[in-house]
Structures are given as C-alpha cells and as structure tokens.
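I opened this model today and kept short notes on what I looked up. The entries follow in the order I made them.

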Amino acid sequence: MALRINKLVGGYGQLPVLKDVSLTVEPGQLVGLIGLNGAGKSTTINHIIGLLRPFSGEISLNGLTIEKNEQEYKQSLAYVPETPILYDELTLKEHLEMTMLAYDLDPEQTWPKAHRLLKMFRLDNKLTWFPAEFSKGMKQKVMICCAFLPDVKLLIVDEPFYGLDPLAVHDLLQLIEEKKKQGTAVLMSTHVLDTAERYCDRFVMLADGRVKAHGSLEELRQSAGEPDASLDQLYLQMTGDEAHE
C-alpha cells in the first residue's frame with residue numbers, strides 16, 4: 001500500500017487532537033477524507049507531510065517513514081494546501097523551477113509537462129508574473145501545477161475546489177484521474193460531498209479526532225443501514241451527534 005497510518009495519536013503542543021487514527025490509501029485509489037471543521041482532517045494531513053510529529057503511532061509511505069529517511073519520504077509525496085502558499089519574490093516560472101529542484105527533476109524532461117499544465121489552467125502567458133498579480137484562484141492553480149509536476153507515490157489535496165472556477169475544477173479532477181491510472185495514491189480532504197461521492201473510491205469520516213467510519217459508499221451504506229443514502233445523508237447521520245456536542 002502507498003500510505004499507511006497506524007494508531008496515530010498527535011496534535012499541537014501537548015494536546016492530542018488525533019486519537020488512535022488508522023487509515024490506508026492504496027496505489028491508484030482516491031480516498032476522501034471528510035468531517036466537520038475541527039474533526040482532525042488538517043491535523044492528519046500535517047502529520048502525513050511532516051509538519052507535525054506523532055505522539056505515538058506510525059505513518060509510512062511505501063514502507064518509508066519520515067524518521068528513517070526524511071528526504072526520500074518527502075520526495076515521495078506532493079501536496080496542494082487549502083490556502084495557497086507562494087513566495088512573494090518568485091515569479092511563476094521560478095516557482096516551477098524550485099519545484100523541479102526540490103524533486104531532483106530534469107528540467108529538459110519536465111518543462112513539456114509544465115507547459116501542458118500551464119496551458120490547461122490558462123497560466124501559460126503568466127510565467128513572469130509574481131504572486132501579488134494573481135487572484136486567489138490563480139494562486140491555487142499555481143499550487144496545482146507545482147504539485148502535479150513530479151511523479152509521486154502519494155498526492156494530497158486539501159479542500160482543492162475553493163476558489164476554482166468550474167472549468168478548473170473539471171481540469172483538476174481529470175488530472176487526479178490520470179494520476180490514479182499511473183498508480184498514484186490520492187488523499188483528498190473536501191466538504192464538496194456530491195463531487196466526492198462521484199469521484200472517490202473510498203471514504204474516511206473523522207469526528208472528534210477519531211475515524212468514525214471508513215470504506216466505499218456501498219460499505220458505508222451497509223454500516224448505516226441506509227442502502228440508498230447519498231454520501232451527504234450518511235455524513236449528516238454519522239456526524240450528527242458530533243455536531244450537537
């Protein structure tokens with residue numbers, strides 16, 4: 001399997017936000033990570049990408065752990081954050097060049113791929129622009145272009161649809177499908193449940209830092225005893241108690 005989280009306890013400072021979280025994402029699979037605000041989605045992602053270190057438990061990516069081989073581990077994943085993070089003093093072209101350096105990519109082989117992504121997101125005539133010249137949606141597209149440059153084992157996208165126009169959402173979903181066919185494991189945190197229902201292979205529902213339910217849509221329906229329920233209905237049912245605590 002690509003990503004394996006086993007009995008993860010973690011959080012900020014001395015406060016455990018995640019309590020015994022276990023989940024897997026297989027190669028070629030898109031898993032939706034869903035839950036209320038404060039359920040632990042971003043904390044889980046921050047542990048996976050190495051911004052936080054677990055109190056206990058283990059995170060491995062194709063058998064690698066960040067403790068044993070940090071560089072190889074981090075080069076095995078790419079991340080599209082919910083809020084774009086760009087360097088004010090770097091142009092779009094320089095952001096792409098920095099990504100190539102970070103992943104040890106051959107520029108000659110990688111630029112054709114970069115130009116395809118830039119054209120797809122209508123950024124191909126903005127290589128000399130600085131972040132101050134971009135809208136929020138355009139900044140998000142820059143992050144997507146950078147994340148899709150390397151061929152990684154795990155791709156993480158955190159609330160990727162906010163700020164994107166409908167055409168960009170379609171293009172992003174197309175790119176995710178291409179990555180899946182290449183064997184990339186994809187973990188997507190999202191509140192856009194109708195889109196998640198159509199595209200995700202499996203789901204992990206978090207509530208209060210714990211995995212409340214996991215599995216395919218059919219498995220979630222069976223677990224809830226609701227054979228015809230939508231993901232939105234299952235989400236409301238499974239998180240209802242949490243919302244009123």
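This is a predicted model: local features need pLDDT of at least 70, side-chain atom pairs count only at pLDDT 80 or more; totals for chains, interfaces and linings use all residues.

**Entry 1: the pocket.** I asked which helices and strands supply at least two residues each to the lining. I found helix H2 (70–74), strand E5 (77–80), H3 and H5. H3 gives the largest share of that lining, 4 residues. I then noted the volume of the largest pocket, about 750 Å³. Its lining has 22 residues, and those nearest the centre are Tyr79, Tyr87, Ala102, Tyr103 and Met143. Sorted by class, the lining holds 15 nonpolar, 6 polar and 1 charged residues.

**Entry 2: helix H3.** H3 covers residues 92–102, and I listed Leu92, His95, Leu96, Thr99 and Met100 as buried. Viewed down the axis of H3, these buried residues fall within an arc of 140°, so they line one face of the helix. What do the buried residues of H3 pack against? I found two partners, helix H4 (107–120) and helix H5 (136–147). After H3 comes Asp104, and I wrote down its positive phi, near 55°.

**Entry 3: positive phi in loops.** I reminded myself that most residues other than glycine have a negative phi.

- Asn62 is not a glycine, yet its phi is positive, about 50°. I located Asn62 in the loop between strand E4 (56–61) and H2. Its relative accessibility is 42%, so I recorded Asn62 as partly exposed.
- Asp208 is not a glycine either, and its phi is positive at about 55°. I located Asp208 in the loop between strand E8 (202–207) and strand E9 (210–215). With 34% relative accessibility, Asp208 also went down as partly exposed.

**Entry 4: Asn46.** Is Asn46 buried or exposed? I read a relative accessible area of 15% for Asn46, and buried means under 20%, so Asn46 is buried. Asn46 is part of helix H1 (residues 41–48). Leaving out residues up to four places away in sequence, I found that Asn46 touches Tyr12, Leu51 and Leu52.

**Entry 5: the record.** Over residues 3–233 I noted 36% helix and 26% strand. The end C-alpha atoms of that stretch are 28 Å apart.

Terms used
Residues are numbered from 1 along each chain as its sequence is written. Side-chain values use heavy atoms; hydrogens and water are left out. Buried means under 20% relative accessible area, exposed over 50%, partly exposed in between (1.4 Å probe, protein chains only). Contact means heavy atoms within 4.5 Å. The arc is that of the directions from the helix axis to the C-beta atoms. On a 1 Å grid over the protein atoms alone, a cavity is a set of points where a 1.4 Å probe fits but cannot get out, and a pocket is an open set with protein on both sides within 12 Å along at least five of seven lines; lining residues have an atom within 4 Å of a point. Grid points are joined across faces, edges and corners, and a volume is the space filled by probe spheres set on the points. Ala, Val, Leu, Ile, Met, Phe, Trp, Tyr, Cys and Pro count as nonpolar, Asp, Glu, Lys and Arg as charged, and the others, Gly among them, as polar.
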